[in-house]
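Look at the sequence and the model first, then read the points below.

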Amino acid sequence: MTDSLLSIRDLTVRFRLPQGETTAVDRVSLDLAPGEVMGIVGESGSGKSQILYAMMGLLAANGRAEGQVLFQGQDLLTLPPRDLDRVRGDALSMIFQDPMTSLNPYMRVGDQLAEGLIVHKGLSKAQAGAEAVRMLDRVRIPDAAARARRYPHEFSGGMRQRVMIAMALLAKPKLLLADEPTTALDVTIQAQVLDLMAELGRETGTAIILVTHDLGVVARLCDRVVVLYGGRVMEEARAETLYDAPVHPYTRGLLAAMPRLETALTPRLGTIPGTPRSGGTVSGCPFVDRCEVRLPHCATERPALRDLSPFHRAACHLTGAQ
Amino acid sequence: MLRFVGRRLWYGAWTLAALVTLTFFVMRLAPGGPFSRNRKISPEVQANIEAAFHLDEPLWQQFARFVWGVLRLDLGPSTRHRDYSVNDLIASGLPYSLTIGFWAIVVASLVGVALGIAGALRRNGMTDYVAGTVGVVGIAIPIFVIGPVMQVIFGLRLGWLPIGGWDGTWRSLVLPVVVLALPNIAYISRLTRASMIETLRENYVRTARAKGIGWRRTLWRHTLTGALLPVIAYLGPATAAIITGSILIETIFAVPGIGRHFVDAALNRDYPLVMGITLLYGGMLILFNIATDVVRAILDPRIRNER
């Protein structure tokens, strides 16, 4: 793919722990076109957030990323800190999970927004401040000019996440990484915040990678979905394909566990039995313990990610047999 | 902000009043008086002396006299140091205590904070190791051990600095200031290090890093405020304690400060002097605590809004 904005090749993230090394992300490869919205879904510990942290150079001190993350032709993993700082916050920005603690409590909201513009775009304090107010207005903070002079504790959770969105989109990034941006928010405002993010993304032509465990959110917003399990890509497809014709047993299990309006009140929600294995390196398919249709060699042979159609890939021995 | 300070001063004044009142009466509960002696003196002489200091009046009248004096900034005559008023004694000793205390707290905060930050940024590195060692040594070894050891090394062996007394130059300041600062360097550096490490883990510091504004800006604008708030909270009472609590230092280094008066006055039942020094120390403690609160309120908008 020559027109890709982002091209991740064999990204592996490992953490050194007292009891040994653990692999959080295992040879993940992804491509993203400009303006595209991609969802990464998976349960807790599937490594979905760590992909984003690795890209931003924000891995914990005991974490290490290998492979290649080509963003606009530069490998983010090998970039010296100074050059990485030129990219992040400018062409590449990120929204975090917890808006309550992600803003600096000691700084005025407007100043926190303006700061990035001053550093990256060389704007004066006044210009950057005016831009910040305009952006706050666009994320529908009422009375933005006065609000910009306030501190984070004077904002509600939903408003703080909108401030984070404003901050992330202020520099008109090419790619926005959103790490479960609505998990910490009230259900009633989750949709509102997500729609706002998607809308502004479209306006600025920003591509988005949305990490979530909410398949409903993904269905609404994403062009393409990547299903992650045990740090590996299980299945990747266009959103509608994934919902209509999932092939991987894990994807099917996830979809069966999702409440749907049309089948409401029928027996019980499906569950996937068992829990994800913690730590250790798997030689076969990471899902094998919980898979209901496993084959004898699933535990020993790693299934390759195969193309099923131009926009559909899955890593399962069963699909190879088809 | 002005109202905030005003209110704190108002409450501070009441606290001080309560402290002074309590001290006045508790002091009288202690057996003996300023002119109780082993040597017998005739009752007439005793009565005369006590009358001269108004000790023959009922207690409430003495208290009223004392309060009236405080309001006129006159703390009365010392019963022990004849011909000196308490005002004279404080005026002559306070400059020394203040000078030593001021420099000690300046040295302790600068060195302590710097060591703490360096330790937190390069955890388990050389600086961290050295700072940690200094910390343990500074806290574990008491002043009355470090003081004489320093006197022997720098005063007697090397002959670089005077071992005590006051020659009016910076040279006689060095040893007392260093010895007084040492335990505080230790404490402040440990406090700074812990608080810094905690702040570096904050989500908002991660946000700052994600903004690509460079590590310097991330450190100065996004990490230090949060990291130094607990240190500032400690500095208020510590400053008061250092300025006033240098009794040991003044004794070891023979500095003519007011620290020594405190113990002497209590032992000699020098009521006016005890009251004067209590007033002074209490006032200082309250003032420095208010100053700390004001600085914290300036730095932290959440504290500001609470009041």
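**The sheet of chain A**

Chain A holds an open sheet of 4 strands in the order E2-E1-E4-E5, with antiparallel pairing. Two strands pair if DSSP finds at least two bridges between them; helices (H or I, at least four residues) and strands (E, at least two) are DSSP runs, numbered from the N terminus. The model is predicted: local features need pLDDT of at least 70 and side-chain atom pairs count only at pLDDT 80 or more, while totals for chains, interfaces and linings use all residues. Residues are numbered from 1 along each chain as its sequence is written, and chains are lettered from A and ligands numbered from 1 in the order in which they are written.

- Strand E2 (20-32) and strand E5 (74-75) of chain A are the edge strands, and each pairs on one side only.
- Strand E1 (residues 6-17) of chain A runs antiparallel to E2(A), and 9 bridges join the two.
- Within this pairing, Phe15(A) stands opposite Thr22(A) in E2(A).
- Helix H1 (residues 48-56) of chain A packs on the sheet and touches E1, E2 and strand E4 (63-71) of chain A. The direction of H1 makes about 80° with that of E2(A). Contact here requires C-beta atoms, placed from the backbone, within 7 Å.
- Strands of a sheet pair through backbone hydrogen bonds, either parallel or antiparallel.

**Chain B as a whole**

- Chain B has 13 helices and 0 strands.
- The C-alpha trace of chain B spans about 85 × 55 × 30 Å along its principal axes.
- Of the 307 residues of chain B, 33% count as buried. A residue is buried if 20 or more other C-beta atoms lie within 10 Å of its own, exposed if 12 or fewer, and partly exposed in between.
- Among contacts in chain B between residues at least 6 apart in sequence, 73% join residues at least 24 apart.

**One residue in chain B**

- His54(B) lies in the loop between helix H2 (43-52) and helix H3 (59-71) of chain B.
- His54(B) counts as exposed because it has 12 C-beta neighbours inside 10 Å.
- Leaving aside neighbours within four places in sequence, His54(B) is in contact with Gln62(B) and Arg65(B).
- His54(B) and Arg65(B) are 11 residues apart in sequence, and their C-alpha atoms are 9.1 Å apart in space.

Notes
Contact = placed C-beta atoms within 7 Å. Axes fitted to C-alpha atoms, helices over the stretch in contact; angles between N-to-C directions.
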